[in-house]
Amino acid sequence: QVQLVESGGGWVQAGGSLRLSCVASGRTFGLNFMGWFRQAPGKERECVATISWSLGSTYYADSVKGRFTISRDNAENAGHLQMNSLKPEDTAVYYCAAVPSGSIIPRGSIMDRLTYRYWGQGTQVTVSS
């Protein structure tokens, strides 16, 4: 089992920045990917970024490319999402999620929420105009 705890959400004005962190505990040596998802009221949960835990390869949603940066610190068992140039449409609850190693990931599904087994409790991000 892996437990994920997010931090770093809050309120910011449009154009501002926030940095989210996710600390993993438990069987962290068994992680394959760590991703960040968000869910706004009335909308489906979507992946904004994900990173390979071993290789560091990154993937981003088009809506955040050039503004958000995902990273991981293997020594600290932590992942981070640096969010710059925030927009009101970025307002959502942000979730950290992880794929355990050994999982079979169908081609093209690394940003699909169904691929992720472990989830954090979420942290609110509010961007005002």
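User: Where is Asn77 found?
Analyst: Asn77 sits in the loop between E7 and E8. Strands (E, at least two residues) and helices (H or I, at least four) are DSSP runs, numbered from the N terminus. Residues are numbered from 1 along each chain as its sequence is written. This is a predicted model, in which local features need pLDDT of at least 70 and side-chain atom pairs count only at pLDDT 80 or more, while totals for chains, interfaces and linings use all residues; side-chain values use heavy atoms, with hydrogens and water left out.

User: What about the phi of Asn77, positive or negative?
Analyst: Asn77 has a positive phi of about 55°, although this residue is not a glycine. With a relative accessible area of 24%, Asn77 is partly exposed. Here buried means under 20% relative accessible area, exposed means over 50%, and partly exposed lies in between (1.4 Å probe, protein chains only).

User: And Ser85, where does that lie?
Analyst: Ser85 lies in the loop between E8 and E9. Its phi is positive, at about 50°, and Ser85 is not a glycine either. Ser85 is partly exposed, with a relative accessible area of 41%.

User: Changing topic: how many helices and strands are there?
Analyst: The chain has zero helices and eleven strands. Along the sequence, the pattern reads β-β-β-β-β-β-β-β-β-β-β.

User: Which residues have the most contacts inside the largest nonpolar core?
Analyst: They are Leu4, Met34, Trp36, Phe68, Leu81, Met83 and Tyr94, in a core of 30 residues. Strands E1 (2–7), E3 (18–26), E4 (31–39), E5 (46–52), E7 (68–73), E8 (78–83), E9 (92–100) and E11 (123–128) each supply at least two residues of this core. A second, separate core of eight residues includes Phe33, Tyr95, Ile110 and Tyr116. A nonpolar core is a set of buried Ala, Val, Leu, Ile, Met, Phe, Trp, Tyr and Cys residues joined through side-chain atoms within 4.5 Å.

User: Why would such side chains group together?
Analyst: In soluble globular proteins, nonpolar side chains tend to be buried together. In this chain, buried residues make up 47% of the 129 residues.

User: What is the radius of gyration of the chain?
Analyst: The chain has 14 Å, which agrees with the value near 14 Å for a compact globule of 129 residues. The radius is taken over C-alpha atoms, and the globule rule is 2.2 Å times the number of residues to the power 0.38. Along its principal axes, the C-alpha trace spans about 45 × 30 × 25 Å.

User: Ser54, buried or exposed?
Analyst: Ser54 counts as exposed, at 60% relative accessibility. This residue lies in the loop between E5 and strand E6 (58–60). Ser54 and Pro100 are 46 residues apart in sequence and 12 Å apart in space, C-alpha to C-alpha.

User: Finally, what share of the contacts joins residues at least 24 apart?
Analyst: The share is 59%, among contacts between residues at least 6 apart in sequence.

Conventions. Contact = heavy atoms within 4.5 Å.
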